[in-house]
Amino acid sequence: MNLTKRSLAFVALAFAMAMPTGWAAAQEKLTVVATTGMIADSARNVGGDLVEVQALMGPGVDPHAYRQTRTDITATVKADLVLWNGLYLEAQMEEFLLDLGQEQPVVPVAEAVPENLLIGSEDYDGKFDPHLWMNPNLWSRVVLNIRDAMIDVYPEGEATFTANAEAYLDRLRELATYTTEVLASVPAESRILLTSHDAFNYFGNAYGFEVVGIQGISTESEAGLQRIAELVDMLIARDVRAVFVETSVSDRNIRALAEGARAEEHEVVIGGELYSDAMGEPGTYEGTYIGMIDSNATTIAAALGGETPEKGMQGLLN
Ligand SMILES: [Zn+2]
């Protein structure tokens, strides 16, 4: 945001605060563009009424493969603040975002998390696994980075951003408590999570699950028949009875795996659909970060023999 625009926003805000409700809607808001839905949702929670947040990637979109459209470029260039995950999640957008960062505030919010909390990438040398949102405690650190990025571009909003972030972090702590409890109810020998791609390493670390992805951390590589055959053997040897599909990755490999196991007379069910790299539909509970993680934990625990409330943490799951 340039100085003129910033002071205008502040004047508009001061003006709106002195006016009866209704005027507030007319004030100029800080415009934030986020790459993923998870970042956008957290930015909305932190920014509250002071921000207008747009996510570039909607439900079912794979961030490893997504490339900016012409409309995205326009929105991004106009934004007061651009938030992206970083850690090579948005592999196809990285060059664009780094270039834009030379001109305006563009912040990779997962990259300021201390390296000792990150997991190394198996796909790329010297890079880290970008899927931090899978652990609510780790995501809380990203939320603080989002708060700081907002304060940097709009210092007048500091008190609001700080208070909103505190309230949101309380809810993330409740989420961490619920997910820990519900996943601890899965029998120890069944704590194996088999999915399409390696999005769940932070989940595995946080909750004590062994995590196996058919593809690697990125979704770019194709799984070969050899890999599928090895995993069928593993399913049989470990007596794994449920595997999971992801909303943002094709389910072809997972279905091939379940078929392969069935051909060997080992019954494997699709345990449900997980939100790995994208949230659910906007306007639904699953279309929020908390709903997404609640849904994943509840689905996984239920399919692998744990005890779960029927509709998740708050009775809101569809
Ligand atoms: Zn991923």
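1. The zinc site is tetrahedral, because its four donor atoms subtend angles of 95 to 125°; the label applies to four donors if all angles lie between 85 and 135 degrees. For reference, the ideal angle for four tetrahedral donors is 109.5 degrees. Please keep in mind that this is a predicted model, where local features need pLDDT of at least 70, side-chain atom pairs count only at pLDDT 80 or more, and totals for chains, interfaces and linings use all residues. Residues are numbered from 1 along each chain as its sequence is written, and side-chain values use heavy atoms, with hydrogens and water left out.

2. Which residues coordinate the zinc ion? The donors are His-64 (NE2), His-131 (NE2), His-197 (NE2) and Asp-277 (OD), at 1.9 to 2.1 Å. A donor here is an N, O or S atom within 2.8 Å of the metal (3.2 Å for Na, K and Ca); water is not among the atoms, so sites may look incomplete. Along the chain, the zinc donors follow the spacing H-x66-H-x65-H-x79-D. His-64 lies in the loop between β2 (51–55) and α3 (70–78), and Asp-277 in the loop between β8 (269–274) and α10 (289–303), so this pair links distant parts of the chain, 213 residues apart. Helices (H or I, at least four residues) and strands (E, at least two) are DSSP runs, numbered from the N terminus.

3. Are His-64 and Asp-277 buried or exposed? His-64 is buried, at 2% relative accessibility, and Asp-277 is also buried, with a relative accessible area of 2%. The cut-offs are under 20% relative accessible area for buried, over 50% for exposed, and in between for partly exposed (1.4 Å probe, protein chains only).

4. On to the charged pairs: there are seven salt bridges in the structure, each a side-chain nitrogen of Lys or Arg within 4 Å of a carboxyl oxygen of Asp or Glu. One of them joins Arg-238 to Glu-210, with the closest N and O atoms 2.9 Å apart. That pair links distant parts of the chain, with Arg-238 in helix α8 (residues 225–238) and Glu-210 in strand β6 (residues 210–213), 28 residues apart. Arg-238 is partly exposed at 38% relative accessibility, as is Glu-210 at 36%.

5. Arg-147 and Asp-148 form a salt bridge as well (3.0 Å, N to O). Arg-147 counts as buried at 17% relative accessibility, whereas Asp-148 is partly exposed at 34%.

6. Asp-239 and Arg-241 also meet in a salt bridge (2.8 Å, N to O).

Notes: Tetrahedral: all angles 85-135°; square planar, octahedral: opposite > 155°, others 65-115°.
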